[in-house]
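Please open the structure in your viewer and keep the selection tool at hand.

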Amino acid sequence: MISDGAVEDEEKWLTAGIAGLQQNAFYMHRALDSNNIKDALKYSAQMLSELRTSRLSPHKYYDLYMRAFDELRKLEVFFKEETRRSSCSIIELYELVQHAGNILPRLYLLCTVGSVYIKSKEAPAKDILKDLVEMCRGIQHPLRGLFLRSYLSQVSRDKLPDIGSEYEGDENTVMDAVEFVLQNFTEMNKLWVRMQHQGPAREKEKREKERNELRDLVGKNLHVLSQIEGIDLELYKDVVLPRILEQVVNCKDDLAQYYLMDCIIQVFPDEYHLQTLETLLGACPQLQPSVDIKTVLSGLMERLSNYAASSIEVLPEFVQVEAFAKLNNAIGQVIEAQPDMPVFGAVTLYSSLLTFTLHVHPDRLDYVDQILGACVNKISGKGKLEGKATKQIVALLSAPLEKYSDIDIALKLTNYPLVMEYLDDCTNKVMSNVIVQSIMKNKTHISTADKVGALFELIKGLIKDLDSDSNDEMNEDDFKEEQNFVARLIQMLYNDDPEEMLKIICTVKKHIMTGGPKRLPFTIPPLIYNALKLVRRVQSQDENASEEATASATPKKIFQLLNQTIEVLSMVPVPELALRLYLECAEAANDCDLEPVAYEFFTQAYILYEEEISDSKAQVTALYLIIGTLQRMHTFGVENRDTLTHKATGYSAKLLKKPDQCRAVYACSHLFWVEDQDGVKDGERVLLCLKRALRIANAAQQMANVTKGSSGSVILFIEILNKYLYFFEKGNTQITVASIQGLIELVTTEMQSDTATSDPAADAFFSSTIRYIQSQKAKGGPTGEKFEPIKV
């Protein structure tokens, strides 16, 4: 930590340095205005002497340097103009500045005049550049030397002998420019590395931070190299890259190695990287163990992946240079050379390699599986992964899904499920969600039992109770959403062949039965409905042929499976849902004319109603479902239908609340009069139900009068009146005009009673009923004649 006092002192030193620099710059400008070169050089040297300070941090020193840099640019312009209009030649000026007393100001002035010297073309550029880069060795203080060489790089970058450059000629070649930049880079890197050894050990962290701030000064040399047009692939391969890598490896400094490797990858062209892949990768195992090599290699593979994605025409180059094999081998060597590399780092490398492979070799599933297998080998014995490593595993496993948009591809990869085994339960769920959502997004149909089994083994984090579920505090809405995804997935499973479809259903059942009481209510219903689709599909085929064949996909077999599955659900327990599914199956059995099967399903539904459903609201809902389903059944004989109907009417009369009893009883009247079944039209029993409902409604009115002091609403009487009208219109002779008329008068009397409770809904309902009777009268014909005796 730097104390506040030290910061204040540094600010004072910076302020004093800037003041001294500005003062000498002022005198320098006065000398320049009077064309007094000697005085100008004198004050320039004094101005530049401020850069000799050792009391500023790199950040503050940079502020001082930039002010001096601005003044030197003005001085350079002056030198350029002066050599044109005066008798002082540029050679004399070049020698004159070397008389400055201190070496640092002398070298800054020498670089400035050298820039003008090169531009004058009075001497070969290569000689001047060589002279300058050699003379800069006179400054061995790391900070001052770095900024001096940075200045040399700045003033010379537009004066390098390059193809098409005005400084190229017989004596000046591209190689001279390369040698100059490489030499300057090498010396700068040595100075930069040496900074870590300056000062006491307790300030190492501070020095590393300061070095990090200065890294761009060194990296600019590589950027300058990348801008030299004359550096073709051969020159890069034979000279530039080996020289850079030699410096990178030999410096043995983790900060420098990491930064410079990243610089190489970022500044030079992709095609150069591809053609020199072996050389570049060969340096990686030689780097310090503490170097973040995973990020370096990941950056390289990302660039190559983007290069491959940019044009299909470049893909043959990747095959030609065997890029995959080289990258794969390099990753293996790096991991072997760094046995202490964390799992996160190794998985990151394989994830990047997989992304590269999917771009360059999308048809090579063996490469993909090979990468997954190598990853398994690395993480084996590590137990469940945690933290950053799990995120990289998810990225690794998600890449094939995103590329191929087909889960079938992932199911072909033998190492895919092995990698998933190392995910902790929470991340396993995340990955399972990714897989399921990929299937949803791409509308993938999984059409064989084997593939379904493999898929459900992959996504077991969503369908099976895992060890961590007892402590899982997952948001209830999130849990419902993920289970709804699973339900949708089950509905998507399909095969045209009934035999294979039945195998799929059995496979799904085997997997979801491990789901536990929280998941089964979500996963069993879609399985039931999918099986019912199969029942109807099988039934639509030739029944005799299917019965005589040895095939197992017959309605009876499927119904047996359904019965066993729902029975599991009834023990969860969610009796209301199980009852609903039993009734769905009963209706499907009815469509198949399987009376014993349908009767069994109804029996199971009745048992659930009697033994498991105790809540009054749930009883009402369940009873309406029973009545509605039973009404649509046509397969039952007289005996079975009477038994089931008698049970339903009995349940209705035993409901807790009188209004619920009344409505359930009059709903049962429909069980005795079904329009499309000639054998089910018992007008007398319909009337008995309606009369019983009327008695219950009357009892409800009396109870309301006792408990509330008013007769309560007449809504039940109006509802019963509408039932009378319905059966009257349908031709039930037991429903007479007199009974309807009596009901109308009863409702009117109740509504006009002093103790009646005002009910706008009942008033509107009764008015609507009266209007209906009037409209039926107005129709004329048989309908009008039938309704005409009713007085309203």
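**First stop: a buried charged pair**

Please note at the outset that this is a predicted model. Select Asp253 and Arg211, which form a salt bridge whose closest N and O atoms are 2.6 Å apart. The two partners belong to distant parts of the chain, 42 residues apart: Asp253 sits in the loop between helix 10 (233-251) and helix 11 (254-267), while Arg211 is part of helix 9 (residues 204-227). Is Asp253 buried or exposed? Asp253 is buried, as its relative accessible area is 2%. Arg211 is buried too, with a relative accessible area of 0%. A residue counts as buried when its relative accessible area is under 20%.

**Second stop: from helix 20 to helix 23**

Now select Asp408 and Lys451. Their closest N and O atoms are 3.2 Å apart, and the two residues form a salt bridge. Asp408 belongs to helix 20 (residues 407-412) and Lys451 to helix 23 (residues 449-458), so this pair ties together parts of the chain that are 43 residues apart in sequence. Asp408 has a relative accessibility of 15% and therefore counts as buried. Lys451, by contrast, is partly exposed, with a relative accessible area of 28%.

Next, select Glu719 together with Arg663. Which helices does this pair tie together? Glu719 lies in helix 36 (residues 715-729) and Arg663 in helix 34 (residues 658-668), so parts that are 56 residues apart in sequence are tied together. The link is a salt bridge, and its closest N and O atoms are 3.0 Å apart. Glu719 is buried, with a relative accessible area of 14%, whereas Arg663 is partly exposed at 23%.

Salt bridges may also share partners: select Glu134, Arg137 and Glu187, which are joined in this way into one network. Across the whole structure, a search finds 22 salt bridges.

Select Glu476, Asp477, Asp478 and Glu481, and display the surface. These residues form a negative surface patch. Among them, Asp478 is located in helix 25 (residues 476-492). Why does Asp478 count as partly exposed? Its relative accessibility is 39%, and the partly exposed class lies between the buried limit of 20% and the exposed limit of 50%.

Finally, select helix 14 (residues 293-310), in which Ser298 is found. Ser298 counts as buried, because its relative accessibility is 13%.

Val296 counts as buried, at 2% relative accessibility. Leaving out residues up to four places away in sequence, Val296 touches Tyr258, Met261 and Ile265. Val296 and Gln23 are 47 Å apart in space, C-alpha to C-alpha, and 273 residues apart in sequence.

Technical notes: Residues numbered from 1 in each chain as written. Predicted model: local features only at pLDDT ≥ 70, side-chain atom pairs only at ≥ 80, totals over all residues. Heavy atoms only, no water. Salt bridge = Lys/Arg side-chain N within 4 Å of Asp/Glu carboxyl O. Helix = DSSP H or I, 4+ residues; strand = E, 2+ residues; numbered from the N terminus. Buried < 20%, exposed > 50% of the residue type's maximum accessible area, 1.4 Å probe, protein only. Patch = residues over 30% accessible without salt bridge, like charges linked within 9 Å, V, L, I, M, F, W, Y side chains within 5 Å. Areas by Shrake-Rupley, 256 points an atom, 1.4 Å probe, with all protein chains shown as cover. Lys, Arg positive; Asp, Glu negative; His and termini not counted. Charge placed at Lys NZ, Arg CZ, Asp CG, Glu CD. Contact = heavy atoms within 4.5 Å.
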